[in-house]
Amino acid sequence: MQIISNSTLNSDPSAAVDELLTALPSDTPPSLAILSGNYRMFSEDAFEPLSRACPTLVAGSSCQGIMTQTGVTQSEQGGLGLFALYDEDGAYGVGTAALEDDPKKAGHDALERALEDAGRSWEAPDLIWCILPPGREEAVIEGMVELIGNSVPIIGGSVADNEIAGDWFQYVEGELHCDRIVVAVLFPSGSIGYSFSSGYTPENISAVVTHAEGRHLMALDGKPAADVYNEWTHGLLNDVPEGGSVLMQSTVNPLGRLVSETEGCSEYLLSHPAALSPQRGLQLFTEVCEGERLHLMRGNLDSLISRAGRVVETAKQLLPDKHAPTGALIVYCAGCMLTVADRMPEVVSSIGSEFKQPFLGTFTFGEQGCFLDSTNRHGNLMISAVVFGAKE
């Protein structure tokens, strides 16, 4: 197994693709190729040579750019990165389905097609990699789990643009989309280690969801959710008008659900408050259910910077004995990236201090991953890593 990761800041999509192709062998197509970058770089015409060179190619836009082992490659206009995996003894497939009005069915169908494309229709892959449109990720995961069970990790991210304006893109099978379920299934000849976590810790305060409709959190302990959250955060929402965005204010204080406690390790799935609703509720980027307990979480710059390296290291440690890491895929929440801002090179350094292999990291508007309890979930402000290993 060999992995090549390459990136470019060239703001011309065709020239950028030419640069990425120079890193790939001309005589052998990769078994799987994953492309990510600034939405402004997505062009069917520009990507066509890459699609020819990489028949099993999937792509999704990322907020402002990407990161690789060489650093952060991002700007308002450019930033594109390619992850190419060569594994002639493995099997890989790509599937897609339109989201439409039934995201659960779309998840099921896209995964089924990916398995067919890999020639492994009746087998469980080692990993499912997904590139999803923001909005209905929980139902999409439910459809995949219905087909394959919960024993296969589903890892990936929701596509992003630069300003949460709905300008995100996916590219698969030679076409651009904004609302497709894009899935890759991996049956590698080597091994995979994975981890899903955040850089946040719980405060000593929580409440039970007493009224919620999908992603609209309306009441906590019988009180308007925004009022409870505002009290918890000492007036963080005082100046926010009805319908106003609270994304930036709430990034360091999201809401978290305790979903797993294994060997003394408590794992929280985070929900990012997005806007203040007319009912004094909070619009979130994840679904919540009545009866769940939500905790106020706290993050800081240092934890958001260092956590990425620890997540990659955890994934690496889960590789079998005598399997050496060959590369990694990393999903890093766009909200965390925007908060860290000009200290993002330190995030790359935190990864590279222990991981010297090529990697591609994307900045997403939602993260899908699997905790130690082997349950696949969708969360916000999360970090995931997949590390690939080969026998030494």
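The buried residues of helix α2 are covered by, among others, α1 (13-21), β2 (32-37), β3 (57-61), β6 (80-86) and β10 (170-172). Contact here means heavy atoms within 4.5 Å. Helices (H or I, at least four residues) and strands (E, at least two) are DSSP runs, numbered from the N terminus.

Keep in mind that this is a predicted model, where local features need pLDDT of at least 70, side-chain atom pairs count only at pLDDT 80 or more, and totals for chains, interfaces and linings use all residues. Residues are numbered from 1 along each chain as its sequence is written, and side-chain values use heavy atoms, with hydrogens and water left out.

So which residues of α2 (residues 44-53) are buried? They are A46, F47 and L50, where buried means under 20% relative accessible area, exposed over 50%, and partly exposed in between (1.4 Å probe, protein chains only). Looking down the axis of α2, you'd find these buried residues within an arc of 80°, so they line one face of the helix. That arc is taken from the directions from the helix axis to the C-beta atoms. An α-helix has 3.6 residues a turn, so residues three or four places apart point the same way. On the face of α2 turned away from its buried side sit the exposed residues D45 and R52.

Now for two pairs of helices. Axes are lines fitted to C-alpha atoms, for helices over the stretch in contact, and angles run from 0 to 180 degrees between N-to-C directions.

| Helix pair | Angle | Axes apart |
|---|---|---|
| α1 and α2 | about 25° | 7 Å |
| α7 (residues 301-317) and α9 (residues 344-352) | about 30° | 7 Å |

α1 and α2 are therefore roughly parallel to each other (angles under 35 degrees count as roughly parallel, over 145 as roughly antiparallel, 65 to 115 as roughly perpendicular and the rest as oblique). P13, S14, V17 and L21 of α1 touch A46, F47, P49, L50 and A53 of α2.

α7 is roughly parallel to α9 as well. In this pair, L304, I305, S306, A308, G309 and V312 of α7 meet E346, V347, S350 and I351 of α9.

The chain averages 94, and 100% of the residues score at least 70. Among the elements, strand β17 (residues 255-262) has the lowest mean pLDDT (88), and strand β8 (residues 127-132) the highest (98).

Notes. pLDDT is the predictor's confidence in each residue, from 0 to 100.
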